[in-house]
Amino acid sequence: MSTNIHLSPRIPELLIVICSATLVAIWPLPGTIALRHTILVIGSLACLCFLIHHKRDLLNFCAWPFWVLLGFYGWLLFHLGFLSHQPELQLAELLSIWMRCLLATVIGVGLGLIIYKTSTPSQQEIALPTPKLMMIVLLIGFSGTCLFALIGSLSQIILTDKPLYINHLLPPYKAKVPFVITNVLLTPLCFILLLKALRNQISKWWIPVCLILITCCLLISFFINTKNGMTILLISLFIFTINLIFIIFKSASWHKIFWIPLIGMIVAAYFGIYAHISTNTAYPPLLLDAKIGIDIDNQNYWKNRLAYPIPINPLGNPVDSSTYERAAWFTAGTRLLSENSLGFGLIHHSFGWLALKKWPDFYKPIGNLRGATHSGWLDFALGLGIPGLLLVLIPLFASWRRSLLQKGIWFSYAAWTIPLLTFAYLTTETAGGHFTELLFFLTAFFCGLTLNIQKSQSNQTDLSLPKN
């Protein structure tokens, strides 16, 4: 028999949840660096107060993934002291981006531990925010990028009478990457909440909220024409469809009226993804263009667009520059990584520094902007080496493995999101800046969520939301 747990919230815990949601919402938003700094400091101080009271959880042997993640910062100092190629620039990054990553790590592990304790019956005596309040606040934070883009787009339409069109960057954002990462963070949570609502485990009011947010992600991905974002949506939608089929066959109430708009949404989503693929000229010759890009010894366009002609694919057409260059840069990056396994030292554009040394005809850099492979993980490894990469991937995948052994909305979220996050950071330009901070926040969050695996296994309780 299940019982609803009513816990009175305390200021530090609520502050951590609100700071976390705000950070996720504004991290990719241009012109928010001062606000981000303020929230990082406030949130990390609140987390330190919380973690001091729960230091036993951090000192438990089961917390080893989090300590491995903290070991990354020790590797940073070692790299700066003994392996650095550009010590001045590396020190500048240490005092800026990596300091922010450290604060984000503290907030992430605190948020994960709060959610774990809130969803564990044995922690009833701890005054923490209620699951419903946390869910609402975090869902708003995860949907922040979509909401800001919709507000910016509507403002542009109203003020300038400019209609939306395909391959259009939505204001106030200046790149596609924020929307790709938003699909990773938001759609799994929405689909999980839909499944929980359809199983009568949470209120049915979550259904229209999640349908609206998923539709926003689909429309935005279509209009900005992002292949990565659409792929992530397709994977999430496919997993959801498989789960939905099982629910339909097991449910005696499949004929109820709310199934009609839900099935209509799924059909419309698949048609939307199909329309995106059929209208995008980069998809048909994708493999052919990528194959040409891999041949970096005989094709040089990837080195300098102005100095070399664009290759022609077997269909007689110029290659799609995005597909070709990303394949070529990834190939060149893996070759450089095999020769520089300990890393160049910079999260920003280590690929360009190394490529310019190996290929003197590589394009002329603009200041410190020396190029990237457009693969977040590869750029990360080129900067901090394979040891640095492993110090992040090991905690991330340890958390994923642990999440499979536990029940609850947020454990399902970790099991669903970590593979999507890994794929997105492999295929998207996420190295450097706020996406590196977000990576450490999320990795620490998943570590904190699965911090005490032994206790969690003996208390497999869903994070139930109150029903209406």
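The protein chain holds 19 helices and zero strands. Helices (H or I, at least four residues) and strands (E, at least two) are DSSP runs, numbered from the N terminus. The model is predicted: local features need pLDDT of at least 70, side-chain atom pairs count only at pLDDT 80 or more, and totals for chains, interfaces and linings use all residues. Residues are numbered from 1 along each chain as its sequence is written, and side-chain values use heavy atoms, with hydrogens and water left out.

**The chain as a whole**

- Of the chain's 468 residues, 54% count as buried. Buried means under 20% relative accessible area, exposed over 50%, and partly exposed in between (1.4 Å probe, protein chains only).
- Take the contacts in the chain with a separation of 6 or more: residues 24 or more positions apart account for 76% of them. Contact means heavy atoms within 4.5 Å.
- The accessible surface comes to about 20600 Å², and 69% of it belongs to carbon and sulfur atoms. These areas come from the Shrake-Rupley method with a 1.4 Å probe; for residues, only the protein chains shown count as cover.

- Helix α1 covers residues 11–26, 16 residues in total. From its first C-alpha to its last it reaches 22 Å, close to the 22 Å expected at 1.5 Å a residue. The expected span of a helix is 1.5 Å times one less than its number of residues.
- Buried residues of α1 include E13, I16, V17, C19 and S20. A21, L23, V24, A25 and I26 are buried in α1 too.
- The cover over the buried residues of α1 includes α2 (33–53), α6 (97–118), α7, α8 (144–160), α9 and α18.
- Helix α14 has 19 residues, which should span 27 Å at 1.5 Å a residue; its end C-alpha atoms are 27 Å apart, so the two agree.
- Among the buried residues of α14 are T323, Y324, E325, W329 and T331. Their cover includes α13, α15 and α16.

**Loops and backbone**

- P171 and P172 are joined by a cis peptide bond, with omega about 5°. P172 sits in the loop between α8 and α9.
- N304 belongs to the loop between α13 and α14. Its relative accessibility is 17%, so N304 counts as buried. Leaving aside neighbours within four places in sequence, N304 is in contact with D361 and Y363.
- F362 lies in the loop between α15 and α16. It is buried, with a relative accessible area of 3%. The C-alpha atoms of F362 and K303 are separated by 4.6 Å, although the two are 59 residues apart along the chain.
- H349 is in the loop between α14 and α15 (350–358). Its phi is near 65°, a positive value in a residue other than glycine. H349 is buried, at 19% relative accessible area.
- H374 also has a positive phi, near 70°. Its place is the loop between α15 and α16 (376–403).

**The largest cavity**

- On a 1 Å grid over the protein atoms alone, a cavity is a set of points where a 1.4 Å probe fits but cannot get out; lining residues have an atom within 4 Å of a point.
- Three cavities of 30 Å³ or more turn up in a search of the whole structure. The largest has a volume of about 80 Å³. Grid points are joined across faces, edges and corners, and a volume is the space filled by probe spheres set on the points.
- Its lining includes V24, P28, F142, T145, I181, L185 and F435. α7 (131–142), α9 (177–198) and α18 (434–449) each give two or more residues. α9 gives the most, with four.
- The lining divides into eight nonpolar, three polar and no charged residues. Ala, Val, Leu, Ile, Met, Phe, Trp, Tyr, Cys and Pro count as nonpolar, Asp, Glu, Lys and Arg as charged, and the others, Gly among them, as polar.

**The largest pocket**

- A pocket is an open set of points with protein on both sides within 12 Å along at least five of seven lines.
- The largest pocket holds about 1200 Å³ of space. It is lined by 41 residues; S322, T323, R326, H374 and T427 are the closest to its centre.
- Elements giving two or more lining residues are α9, α11 (227–250), α13 (286–294), α14 (321–339) and α17 (409–427). α14 gives the most, with eight.
- This lining divides into 18 nonpolar, 15 polar and eight charged residues.
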